[in-house]
Amino acid sequence: MKRILTYGTFDLLHYGHINLLRRAKALGDYLVVACSTDEFNLGKGKRCYFSYEERKQLLESIRYVDLVIPEESWEQKANDVREYHIDTVVMGSDWEGSERFEYLKDLCEVVYLPRTPEISTTQIKNDLGLSARRDA
């Protein structure tokens with residue numbers, strides 16, 4: 001069984017996210033999604049509209065996703081690859097060449113998939129004039 005892992009925040013889930021998850025799952029048999037926790041996002045300067053638990057529930061409802069785990073730090077990726085017996089890490093092409101993922105090539109295959117160009121969570125928030133959080 002070929003195991004795939006991807007990382008993301010997955011706030012305001014949209015068809016670009018679904019495209020990434022569908023294409024990632026097509027590369028293997030079992031898809032693990034590491035969803036950034038609220039605390040990790042705050043450390044990155046990001047505030048989500050939906051909480052980690054809400055985003056996790058949404059991801060778990062998608063047929064391409066087999067397991068959702070918390071992403072709590074940048075440093076956990078190598079451990080995730082080993083713990084979940086990952087064959088391939090898949091990320092959007094905007095991460096290509098980033099030291100955040102390139103070092104994983106020593107442990108597994110790393111694949112960068114093209115982003116869905118006309119959609120992003122940031123663009124949705126900007127278009128709707130949404131604040132970064134419901135309570136803001």
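A: We begin with exposure: a residue is buried under 20% relative accessible area, exposed over 50%, and partly exposed in between. The model shown here is predicted. F50 has a relative accessible area of 24%, so this residue is partly exposed. Y49, at 26%, is likewise partly exposed.

Q: What do the ends of helix α1 say about its span?

A: The idea is to count 1.5 Å a residue, taken times one less than the number of residues. Helix α1 has 12 residues, 15-26, and should therefore span 16 Å; its end C-alpha atoms are 16 Å apart, which agrees.

Q: Which residues of α1 are buried?

A: In general, an α-helix has 3.6 residues a turn, so residues three or four places apart point the same way. In α1, the buried residues are G16, H17, L20, L21, A24 and K25. They cover an arc of only 165 degrees around the axis, and therefore lie on the same side of α1.

Q: How many aromatic pairs does the count give?

A: Rings pair if their centres lie within 6.5 Å, and planes over 60 degrees apart count as edge-to-face. The count comes to 5 aromatic pairs. One of them joins Y49 and F50 edge-to-face, at 5.0 Å centre to centre with 85 degrees between the planes. Ring pairs also link Y7, F40, W74, W95 and F101 into a cluster.

Q: Which charged residues lie over the faces of Y7 and W74?

A: K77 lies over the face of Y7, 4.5 Å from the ring centre. R100 lies over the face of W74, at 3.9 Å from the ring centre.

Key
Residues numbered from 1 in each chain as written. Predicted model: local features only at pLDDT ≥ 70, side-chain atom pairs only at ≥ 80, totals over all residues. Heavy atoms only, no water. Helix = DSSP H or I, 4+ residues; strand = E, 2+ residues; numbered from the N terminus. Buried < 20%, exposed > 50% of the residue type's maximum accessible area, 1.4 Å probe, protein only. Arc of directions from axis to C-beta. Phe/Tyr/Trp six-rings, centres within 6.5 Å; stacked < 30°, edge-to-face > 60°. Lys NZ or Arg CZ within 6 Å of the ring centre and 35° of its normal.
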